[in-house]
Amino acid sequence: MPADSVKVYFLAGRRLFDPSLGNNGEVMDRFIEKVKKAKAQDNINFLTVRGYASPEGASDANQRLSGLRCDEIAKYIRLNAGIDSKQIETFANGVAWEELRNLVAKHPEMPSQERVLYILDHTPLWVYNREKTKIIDGKKKQLMELSGGRVWNWMMENLFPELRNAVAVVLYLKHNEYIPIASEKTTSPTDSSSDIVENTTDIIEDAAIPEHPDSVVLNVTDVMSALEGKIICVTAMPKPFYMAVKTNMLYDAALVPNIGAEFYLGKNISLYGEWMYAWWDNNNRHRYWRVYGGDLGLRWWFGKKAQAKPLTGHHLGIYGGILTFDFETGDTGYLGGKPGGTLWDRWLVNSGIEYGYSLPIGKHLNIDFSIGLGYMGGNYIKYYPFDNDYYLDKEYKMHYFGPTKAEISLVWLIGRGNTNSRKGGDK
């Protein structure tokens, strides 16, 4: 019968056990001592080591990684408790669908809870077309597309950290002697202090129950056999789409109209473009204010906010752009670029790296704060106006390193599922 259990955690994408991560070392040391005690009494029947993963990522990759982690923990127990490898059984369970189902049931505040439970309970892992030659739907696909992706993002922030990178170990004794287990609380290193899992009898019972068929990666033959003769209704749902239109309010304040657009490409990457244009003049007094140009850039989004919803939270990026200007105050003028030259001669060019943070302020609105450092170079000309003509003074070369971008932008969120929300509903 199960006598004791423990859950340990790994860094994302890593297979090696780290006792210094969270309280891995503390809980594993206590477990090893109980294994040693049972071994001294010749009372060990066997141990099970089960590796789990969240539904994120490719199923085959999750399967392989959970197996490697199981082997790592089995080796650690064997070396530290001195037991035979034949007494340890390992199970690479891959995606922990059953564990996810239990977590969803414990969170009535989550959006669309009833629909999520229905999908987890009734939707097969894979759904094929009539010819059984192509996967057209499945459990993960329906969860990702539910409510335009908002439910999936909520689970990524609130539930998946408990499923990621976890290995559960259970000790079974030969005799029907129950060893009382003190109620211990283990905190995942990826969770906040309030997101805990109780290491109690519930975990032992869950670990001892055979897994639901959907909790392992099935091969194509098994899936098609399971679906033979069944009629599966698939509801087509639109894929989420994330886009933003924005204007830099710093440029607006300087009377430089501008507009930008950003598209989320997936995997926390977005592509954006910006353009500004202003031409104010007063020929009678030789006063000009002309500037136009734009940037293209890629951004990588990170942090809890970015995991919960695309185009929100911290971001790092690279950018490049072109710029030309003509400033004249009545006495001296400065012209960016070289008139009459090639297309590239007429522009100043810039490139750099940026950091920023996009802050939600409404259901469809964010404010994005960004600063960029980099290089700007090219030609510019100093000239003097005289009557109705202009006289060239000198041509200069610009090689500037430093801040080349500053942004406080008002961002309008567009697309399916591209709204800011909070627990319990939209703002």
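A salt bridge here is a side-chain nitrogen of Lys or Arg within 4 Å of a carboxyl oxygen of Asp or Glu. Keep in mind that this is a predicted model. How many salt bridges does the structure hold? There are 15.

**Stop 1: E274 and K405**

Select E274 and K405. They form a salt bridge, and their closest N and O atoms are 4.0 Å apart. The two residues come from distant parts of the chain, 131 residues apart. E274 sits in strand 11 (residues 269-282). K405 sits in strand 17 (residues 389-414). Are these two buried or exposed? Both E274 and K405 are buried.

**Stop 2: R299 and E354**

Now select R299 and E354. Their side chains meet in a salt bridge, at 2.9 Å from N to O.

**Stop 3: the network**

Which residues does the network of salt bridges link? Its members are K246, E262, E274, R299, E354, D368, K405 and E407.

**Stop 4: R30 and E26**

Move to helix 1 (residues 24-40) and select R30 and E26. These two form a salt bridge, the closest N and O atoms being 2.9 Å apart. R30 has 30% relative accessibility and counts as partly exposed. E26, at 47%, also counts as partly exposed.

**Stop 5: S147**

Turn to the backbone. Most residues other than glycine have a negative phi. Select S147, where phi is positive, near 55 degrees. S147 lies in the loop between helix 5 (139-145) and helix 6 (150-158). Its relative accessible area is 28%, so S147 is partly exposed.

**Stop 6: L311**

Finish at L311. What is its phi? The value is about 65 degrees, positive although L311 is not a glycine. Find L311 in the loop between helix 11 (304-308) and strand 13 (313-329). Is L311 buried or exposed? With a relative accessible area of 4%, L311 is buried, because buried means under 20%.

Notes: Residues numbered from 1 in each chain as written. Predicted model: local features only at pLDDT ≥ 70, side-chain atom pairs only at ≥ 80, totals over all residues. Heavy atoms only, no water. Helix = DSSP H or I, 4+ residues; strand = E, 2+ residues; numbered from the N terminus. Buried < 20%, exposed > 50% of the residue type's maximum accessible area, 1.4 Å probe, protein only.
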